[in-house]
Amino acid sequence: MAAKKGVRIIITLECTECRSNPAKRSAGVSRYTTMKNRRNTTARLELSKFCRYCNKHTTHKEIK
């Protein structure tokens with residue numbers, strides 16, 4: 001039997017401020033993992049999460 005693709009997929013959210021500011025002296029980029037429903041949410045996800053490197057709530061966008 002062929003394996004069936006699931007509807008829910010695991011995605012990675014990355015901080016937009018850490019990624020876009022190369023002059024900032026942070027140790028890394030804040031990343032979160034979560035799941036989304038492929039059928040209901042086809043667009044890329046954007047959530048406001050806490051970034052430990054920026055030390056504030058920032059927008060985290062879905063990356064591949």
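A charge sits over a ring if NZ of Lys or CZ of Arg is within 6 Å of the ring centre and within 35 degrees of the ring normal. In this predicted model, Lys 49 meets that rule: Lys 49 lies over the face of Tyr 32, at 4.7 Å from the ring centre. The fold element described here is an open sheet of 4 strands. The cysteines form 0 disulfides.

**Sheet**
- The strand order is S2-S1-S4-S3, and the pairing is antiparallel.
- Strand S2 (31–37) and strand S3 (46–51) are the edge strands. Each of these two pairs on one side only.
- On average, neighbouring strands of this sheet are turned by 45° against each other, direction ignored.
- S3 and strand S4 (residues 56–63) run antiparallel and are joined by 6 bridges.
- Within S4, His 60 is the bridge partner of Leu 47.

**Loop between S2 and S3**
- Arg 39 sits in the loop between S2 and S3.
- Arg 39 counts as exposed because its relative accessibility is 65%, and the cut-off for exposed is over 50%.
- Val 7 and Arg 39 are 32 residues apart along the chain, yet their C-alpha atoms are separated by 6.7 Å.

**Loop between S3 and S4**
- Asn 55 belongs to the loop between S3 and S4.
- The phi angle of Asn 55 is positive, near 60°, in a residue other than glycine.
- Asn 55 is exposed, with a relative accessible area of 58%.

**Cysteines**
- A disulfide is a covalent bond between the sulfur atoms of two cysteines.
- The cut-off for the sulfur pair is within 2.5 Å, and the count here is 0 disulfides.
- For Cys 51, the closest cysteine sulfur is in Cys 18, at 3.4 Å, so the pair is too far apart for a bond.
- Cys 54 is likewise in no disulfide; its nearest cysteine sulfur, that of Cys 18, is 3.4 Å away.
- Cys 51 is buried because its relative accessible area is 0%, and buried means under 20%.
- Cys 54 is also buried, with a relative accessible area of 17%.

**Aromatic rings**
- A pair of aromatic rings is described by the distance of the centres and the angle of the planes.
- The count of aromatic pairs in this model is 0.

Definitions and conventions. Residues are numbered from 1 along each chain as its sequence is written. This is a predicted model: local features need pLDDT of at least 70, side-chain atom pairs count only at pLDDT 80 or more; totals for chains, interfaces and linings use all residues. Side-chain values use heavy atoms; hydrogens and water are left out. Two strands pair if DSSP finds at least two bridges between them. Axes are lines fitted to C-alpha atoms, for helices over the stretch in contact, and angles run from 0 to 180 degrees between N-to-C directions. Buried means under 20% relative accessible area, exposed over 50%, partly exposed in between (1.4 Å probe, protein chains only). Rings of Phe, Tyr and Trp (its six-membered ring) pair if their centres lie within 6.5 Å; planes under 30 degrees apart count as stacked, over 60 as edge-to-face and the rest as tilted.
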